[in-house]
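I opened the model to look up a few spots. My notes follow.

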Amino acid sequence: MQINGQNFKVENLFDHIVTVPDCIVLGDNKLGGGHGESKLYFGTKEEMRSFFGKAGFVAPCFVLKKDLITYLETLKEEYMHPSQPYRGAKEFPTLWAERMKKVQTLPEVIPFNVTDQTQIQGPRGYINSSDFGYQLIRELSLPLVSYISAMEIKDSSGHSLFYWKLFVDFDAIAEKKNGPLVFIYGKGVANKGQENEQEESPKNQEIRKARIGQGKYRELLLEECPFCPITMISDDRLLIASHIKPWAVSTDKEKIDPQNGFMLSPLYDKLFDRGFITFTDDKHVQLSNWISAQNWKRIGIHDNDFFQALPITEARKVYLEFHRKSVFKG
C-alpha cells in the first residue's frame with residue numbers, strides 16, 4: 001500500500017474489531033453520564049501484546065485525514081437523525097459541520113503513540129494516549145455504532161507502524177433504529193413480529209420486508225438475477241437480497257428499490273455487507289486488505305476477478321459509488 005507517496009507492506013492485521021464504547025467518547029457524543037475515560041479496551045493482553053509488542057510497549061500509530069472525512073460523510077445521516085439518545089443530539093447537525101471543517105484542516109497523516117496500560121490487573125488489555133490523534137478519535141467516534149480496525153505496516157527499512165481506521169457499523173445503526181433483530185435469510189427482522197403487520201401501512205410493510213430480504217424487493221431482485229453472480233448458486237433458499245447502499249443510511253425509496261441490491265450467496269453477502277468486497281462499474285471485484293491474504297486464499301476469490309453475470313445497471317452504478325466510498329474497507 002502507498003501513503004503520501006511512500007510504499008508500505010501490510011505485515012499483520014488485528015484479528016478483532018474494537019467497538020467504541022460509550023465510556024471512552026467525549027462530551028456530546030456520550031450516551032451515559034460522566035466525562036469519559038481515555039483508556040481503551042483493545043482485547044486480551046495476550047492478543048494485544050502479540051500485535052503491538054511485548055508488555056510495556058509504546059506503539060507508533062496513525063490515522064489518515066481522508067479516512068476521517070469519509071467516516072464523517074458516512075455518518076452524516078446519523079448526525080442529522082440520531083438513532084441513539086446522545087447527550088448533545090440536538091446540536092448534532094451543527095457538530096457535524098464543525099467537526100468536518102476541523103478535520104479538513106488537518107495534515108494528511110495524523111500520528112500518535114499508544115501505551116500499554118501495564119498497571120491494570122487481569123487478562124483484559126488496555127491502551128491509552130494523550131496525543132492529539134488519539135483524542136481526535138475519542139472526539140469523532142459515536143459509541144456502539146463506530147469501531148476501530150488496526151493494521152501493522154512496515155516501511156522499506158522494516159520499521160513498523162500501526163494504521164488505525166474508524167468504520168461505521170451500519171447493522172448497529174439499523175438495530176438502534178428498529179430494535180433487536182433475529183435472522184431470516186441472513187438478514188434481520190424486527191422482533192416485534194408479525195402480529196403488528198396489519199397495523200402498518202402498505203408502504204411501511206414493504207419497507208420492513210425489504211429489510212429482511214422478503215416481499216416485493218426480493219421478488220424483483222430474483223426476477224432480474226435468479227442466482228448469485230459470483231457462485232452461480234440458483235437455489236433461492238440459499239440467496240440473500242443484499243442492499244448496496246446500506247439499509248441504515250438509505251431513504252425509504254432506496255430501501256425498496258431493487259436497483260439498490262444484488263442476490264448473493266451467504267458468504268459473499270457477508271463480505272459485501274461488511275465492506276470486504278466491492279465491485280467496479282465494469283464487473284470486477286475489489287478485495288479489502290483488511291482481510292489477510294491467507295484468508296482470501298481460503299475463500300478462493302482474487303482481486304480484480306471478472307464476473308460477467310453481475311447485473312450492473314446505470315442505477316446500480318450510483319449505489320456502487322456510495323458503496324466503494326463509504327462501505328468498502330479499501
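I started with Phe-227, which sits in the loop between α8 (215–224) and β13 (240–243). Helices (H or I, at least four residues) and strands (E, at least two) are DSSP runs numbered from the N terminus. This is a predicted model: local features need pLDDT of at least 70, side-chain atom pairs count only at pLDDT 80 or more, and totals for chains, interfaces and linings use all residues. Residues are numbered from 1 along each chain as its sequence is written, and side-chain values use heavy atoms, with hydrogens and water left out.

Buried means under 20%, exposed over 50%, and partly exposed in between (1.4 Å probe, protein chains only).

I listed what Phe-227 touches, leaving out residues up to four places away in sequence: Met-232, Ile-233, Ser-234, Leu-239, Met-263 and Ala-309. Contact means heavy atoms within 4.5 Å. I also checked Leu-264, 37 residues from Phe-227 along the chain; their C-alpha atoms are separated by 7.4 Å.

Next I turned to helix α2 (residues 65–74). Of its 10 residues, 7 are buried, so the helix is mostly covered. The buried residues of α2 (residues 65–74) are Lys-65, Asp-67, Leu-68, Ile-69, Tyr-71, Leu-72 and Thr-74.

Last, I looked at the lining of the largest cavity. On a 1 Å grid over the protein atoms alone, a cavity is a set of points where a 1.4 Å probe fits but cannot get out, and lining residues have an atom within 4 Å of a point. I noted Val-20, Ile-24, Leu-40, Tyr-134, Ile-137, Arg-138, Ser-141 and Ile-148 in that lining. Helix α5 (residues 132–140) gives the largest share, 3 residues.

Notes:
1 Å grid on protein atoms, 1.4 Å probe; cavity = no way out; pocket = protein on both sides within 12 Å on 5 of 7 lines; lining within 4 Å.
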